[in-house]
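Open the structure in your viewer and follow the stops below in order.

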Amino acid sequence: MERSTFVYDGDCAFCTRCAEFIGRRIPTGAHVVPWQFADLDRLGLTEADCEEAVQWVGRDGSRAAGPEAIAALLGDSGLLWRAAGVGLRFPPVRAAAWPAYRWVARNRHRMPGGTAACSLPQETRDRLYGPTGS
């Protein structure tokens with residue numbers, strides 16, 4: 001694979017705001033893309049994977065999800081951000097990372113920039129707003 005890829009939920013305003021922050025503030029060579037516009041087959045991902053958590057697919061084909069994907073993205077960035085990625089992998093932080101990530105994911109519609117659509121499962125979003133990619 002030519003570039004690493006970080007995949008997020010483009011239907012979620014909070015997730016999109018976070019991706020925009022990455023684009024503005026975190027110098028990474030990774031391609032940051034909403035899963036709805038990613039070639040999931042080429043990346044070896046499924047919609048279910050992407051609905052569950054952000055995803056990382058490294059140039060070498062390595063994969064990570066949730067806070068581990070965020071740590072991988074940070075590890076692929078500038079020095080300061082790389083240090084934050086190492087910190088996220090520190091065992092006590094890592095132990096708390098998944099519960100914190102899941103809490104944020106469950107409440108993302110309440111986060112700054114979030115919308116009610118952020119809390120809907122993909123099946124419901126498709127029913128209300130049309131199928132993904134249309």
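**The sheet**

Begin with the four strands, which make an open sheet in the order S2-S1-S3-S4 with mixed pairing. Strands here are DSSP E runs of at least two residues, helices are H or I runs of at least four, and both are numbered from the N terminus; two strands pair if DSSP finds at least two bridges between them. This is a predicted model, in which local features need pLDDT of at least 70 and side-chain atom pairs pLDDT 80 or more, while totals for chains, interfaces and linings use all residues. Residues are numbered from 1 along each chain, and side-chain values use heavy atoms, without hydrogens and water.

Select strand S2 (31-34) and S4: these are the edge strands, each pairing on one side only.

Next, select S1 and strand S3 (residues 55-57), an antiparallel pair with three bridges. Thr5 stands opposite Val57 in S3.

**The helices**

Show H1, which packs on the sheet and touches S1 and S2 (contact means heavy atoms within 4.5 Å). The direction of H1 makes about 155° with that of S1; axes are lines fitted to C-alpha atoms, for helices over the stretch in contact, and angles run from 0 to 180 degrees between N-to-C directions. H4 also packs on the sheet, touching S1, S3 and S4, and its direction makes about 120° with that of S4.

**The core**

Which residues touch the most other members of the largest nonpolar core? Select Phe6, Tyr8, Ile22, Val54, Trp56, Ala69 and Leu73, out of 20 residues in that core. A nonpolar core is a set of buried Ala, Val, Leu, Ile, Met, Phe, Trp, Tyr and Cys residues joined through side-chain atoms within 4.5 Å; buried means under 20% relative accessible area (1.4 Å probe, protein chains only).

How values were computed. Buried means under 20% relative accessible area, exposed over 50%, partly exposed in between (1.4 Å probe, protein chains only).
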